[in-house]
Amino acid sequence: MGTFIGHVYPGLFLVSYGLYQAIVVSKAVIVNESLLDPSCSPKNKGRWARLWGISYRGLLKMVTGSTLIAYEISCIKGGLRLMNKEVPPRFMHPKEWQHLTMFILLTLNGCVDVVSKNLLPQRCVLLEKGTLVLAFYVLLMLLMSHVQGSAGIELQTHSLLILVVFLLMLVLTIELWAPNTFHLSLIENFLFLMMGSWLVQAGFILYRPVTGYPWQDDDISDIMFITTFFCWHVMINALCLLGIYGVSSIWHRWYRPSLKLTRFKENPYCMNTEGPVYKLLPEVEESEKSDQALLFSESSLSDRA
């Protein structure tokens, strides 16, 4: 990851992930779907039901993580070794091992998504979100250690990235107790976009400056413009989310006007109806009927008296 490609490719993946999630959340809000399982739809039946139910998000994480692992190992001349043969032995490639740990976490998180959605008898959203939160806790610790020995431009760039990761970790932690909240999902998508776009920007700043000249660590103007660029990313990503919601709203209301009405009548919440709460509903209805019969019999007896 200590290369231009090592920053740009993970950044592009996070941007793509954030854009996809923004489209999913916008659609779920517009057509009154559940944020936990927005792909659940009465139309998803028949021969394409199994294909539609595949966790493409988990597969994308697995493929991206595996590709980055292979790329990280191939970039190290002589192979990735943990310790050298000196006496006493010393650890080798500390930053590369940290990058490898990040990519392994991404791959494992994708595996959990696929197992939860496609292999378990019932999807466990808490397991998916808990694994994602754990991955970001580990990522934050790795980034805090990653900036040791950095200074100037590199330190400022990574410090802003750490800020985004910290805020995203907080939002994901809160979502463990409020998973079906639109505002938290919107903030999560925004922070994923910020993390991805800033990783791409960091690749250009540290390895391929647009001007062709490296940034100067001792120039206060360069360090100040790092923060300015970060603020521009905040505004651009916020406008991007607003644009996605606007386009999705226009599409579903003008080009698919019957979708919202159909979803609301047939499946307003798109939630799995298995569980003790839904099993108790018939019993409640029977108890209400028995109460009504008892009241009717009592009223008839009083009328006869």
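Student: In which helix is the place of Glu188?
Tutor: Residues are numbered from 1 along each chain as its sequence is written, and side-chain values use heavy atoms, with hydrogens and water left out. Helices (H or I, at least four residues) and strands (E, at least two) are DSSP runs, numbered from the N terminus. The place of Glu188 is in helix α7.

Student: Does Glu188 count as buried or exposed?
Tutor: Buried means under 20% relative accessible area, exposed over 50%, and partly exposed in between, with a 1.4 Å probe and protein chains only. Glu188 has 6% relative accessibility, and therefore counts as buried.

Student: With which residues is Glu188 in contact, leaving aside its neighbours within four places in sequence?
Tutor: Contact means heavy atoms within 4.5 Å. Leu168 is 20 residues from Glu188 along the chain, and the C-alpha atoms of these two residues are separated by 6.3 Å. Leaving neighbours within four places aside, Glu188 is in contact with Leu168, Val171, Leu172 and Glu175.

Student: How far apart in space are Leu105 and Ala135, C-alpha to C-alpha?
Tutor: Leu105 belongs to helix α4 (residues 94-119), and at 21% relative accessibility it counts as partly exposed. Beyond four places in sequence, Leu105 is in contact with Ala135 and Val138. Leu105 and Ala135 are 30 residues apart in sequence, while their C-alpha distance is 6.0 Å.

Student: With which residues is Ser26 in contact, once its neighbours within four places in sequence are left aside?
Tutor: Ser26 sits in helix α1 (residues 4-30). Its relative accessibility is 6%, so Ser26 counts as buried. Apart from neighbours within four places, the contacts of Ser26 are Ile244, Tyr245 and Ser248.

Student: What distance separates the C-alpha atoms of Asp219 and Gly152?
Tutor: Asp219 is found in the loop between α7 and α8. At 29% relative accessibility, Asp219 counts as partly exposed. Asp219 and Gly152 are 67 residues apart along the chain, and their C-alpha atoms are separated by 8.6 Å.

Student: Why does the pair of Trp198 and Phe230 tie together parts that are apart in sequence, and how many residues apart are those parts?
Tutor: Rings of Phe, Tyr and Trp (its six-membered ring) pair if their centres lie within 6.5 Å; planes under 30 degrees apart count as stacked, over 60 as edge-to-face and the rest as tilted. Across the whole structure there are 8 aromatic pairs. Trp198 and Phe230 form one that is edge-to-face, with 5.2 Å centre to centre and 90° between the planes. Because Trp198 lies in helix α7 (residues 182-206) and Phe230 in helix α8 (residues 220-255), the pair ties together parts whose separation in sequence is 32 residues.

Student: Which residues do ring pairs link into a cluster?
Tutor: Trp198 and Phe230, described above, are both buried. The cluster linked by ring pairs is made up of Phe13, Tyr17, Phe136 and Phe192.

Student: How many disulfides does the structure hold?
Tutor: A disulfide is a pair of cysteine sulfur atoms within 2.5 Å. Cys75 counts as partly exposed, at 39% relative accessibility, and Cys240 counts as partly exposed too, at 28%. The number of disulfides in the structure is 0.

Student: Where does UniProt place the feature "transmembrane region"?
Tutor: UniProt positions are given in the numbering used here, feature names are shortened, and annotations may be inferred rather than shown by experiment. In the model, residues 159-178 are 85% helix and 0% strand, with end C-alpha atoms 29 Å apart. Residues 190-211 are 77% helix and 0% strand, and their end C-alpha atoms are 29 Å apart. The unreviewed UniProt entry places "transmembrane region" at residues 132-153, 159-178, 190-211 and 223-247.

Student: Which element of the protein has the lowest mean pLDDT?
Tutor: The mean pLDDT of the protein is 78, and 76% of its residues reach 70 or more. Over residues 260-289, pLDDT stays under 50. Where pLDDT is low, the predicted coordinates should not be read in detail. Helix α6 (residues 152-175) has the highest mean among the elements, 93, whereas the lowest, 45, belongs to helix α10 (residues 276-304).

Student: What percentage of the residues of the protein count as buried?
Tutor: The protein contains 10 helices and 0 strands. Among its contacts between residues at least 6 apart in sequence, 75% join residues at least 24 apart. Of the 305 residues, the share that counts as buried is 37%.

Terms used:
This is a predicted model: local features need pLDDT of at least 70, side-chain atom pairs count only at pLDDT 80 or more; totals for chains, interfaces and linings use all residues. pLDDT is the predictor's confidence in each residue, from 0 to 100.
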